[in-house]
Amino acid sequence: IRFFVEDRPGVLAKIGGILGKNQISISSIIQAEWRIKNTVPIVLLTHEAKERNMMNVIRELNKLSVVKSGVMFIRIEKGE
C-alpha cells in the first residue's frame with residue numbers, strides 16, 4: 001500500500017488502528033524523510049491478508065483527513 005500523509009504525530013497510530021481492526025498485520029513500513037507540501041510518502045507491506053479486509057482498509061484510509069493522496073494497492077502473490 002502506498003500513499004501520502006500529513007507529517008505529524010499520531011498519523012501512523014490511526015493507520016495501524018485501521019489495519020488492526022481489519023485483522024491485517026504490518027510486515028514492514030517505510031516513511032521517507034523528504035516532504036512535499038508537509039506530506040510524506042508511506043509504503044506498507046502487510047502479511048498475507050484476506051482481500052475483503054484489504055479493500056475495507058483502503059476505503060477507510062481514503063476517508064482519513066490525514067491521507068493526502070489516493071491509496072495505491074499492489075498485490076504481491078506468494079510464489080511456489
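Modeller: Gladly! Let's start with helix 2, whose buried residues pack against strand 1, helix 1 (11-21) and strand 3. Do keep in mind that this is a predicted model.

Biologist: Which residues of helix 2 are the buried ones?

Modeller: They are Asn53, Met54, Val57, Ile58 and Leu61. These residues cover an arc of only 140° around the axis, which puts them on the same side of helix 2. On the other side, Arg52 and Lys63 are exposed.

Biologist: How do you know that the length of helix 2 agrees with its number of residues?

Modeller: Helix 2 takes in residues 51-63, which is 13 residues, and at 1.5 Å a residue they should span 18 Å. The end C-alpha atoms are 19 Å apart, so the two values agree.

Biologist: Now to strand 3. What makes you say that it is largely enclosed by the rest of the structure?

Modeller: A residue counts as buried under 20% relative accessible area. In strand 3 (residues 39-46), 6 of the 8 residues are buried, so the strand is largely enclosed.

Biologist: How do you know that strand 3 pairs with strand 1 and with strand 2?

Modeller: Two strands pair if there are at least two bridges between them. Strand 1 (residues 2-6) is joined to strand 3 by 5 bridges, and the two run antiparallel. Strand 2 (residues 26-31) also pairs with strand 3 in the antiparallel sense, over 5 bridges. You can look for Phe4, whose bridge partner in strand 3 is Pro41, and for Ile29, which stands opposite Leu44.

Biologist: Why is Val43 called partly exposed?

Modeller: Val43 has its place in strand 3. Its relative accessible area is 39%. Buried would need a value under 20% and exposed one over 50%, so a residue in between is partly exposed.

Biologist: What is Val43 in contact with, leaving aside its neighbours within four places in sequence?

Modeller: Val43 is in contact with Ile1, Arg2, Ser28, Ile29 and Ile30. As for Ile74, 31 residues apart from Val43 along the chain, the C-alpha atoms of the two are separated by 11 Å.

Biologist: Which residues lie nearest the centre of the largest pocket?

Modeller: Those are Thr46, Phe73, Ile74, Arg75 and Ile76, out of 19 residues that line the pocket. Its volume is about 520 Å³.

Biologist: And what gives the most to that lining?

Modeller: Strand 3 does, with 4 residues. Helix 2 supplies at least two residues as well.

Key
Residues are numbered from 1 along each chain as its sequence is written. This is a predicted model: local features need pLDDT of at least 70, side-chain atom pairs count only at pLDDT 80 or more; totals for chains, interfaces and linings use all residues. Side-chain values use heavy atoms; hydrogens and water are left out. Buried means under 20% relative accessible area, exposed over 50%, partly exposed in between (1.4 Å probe, protein chains only). The expected span of a helix is 1.5 Å times one less than its number of residues. The arc is that of the directions from the helix axis to the C-beta atoms. Contact means heavy atoms within 4.5 Å. On a 1 Å grid over the protein atoms alone, a cavity is a set of points where a 1.4 Å probe fits but cannot get out, and a pocket is an open set with protein on both sides within 12 Å along at least five of seven lines; lining residues have an atom within 4 Å of a point. Grid points are joined across faces, edges and corners, and a volume is the space filled by probe spheres set on the points.
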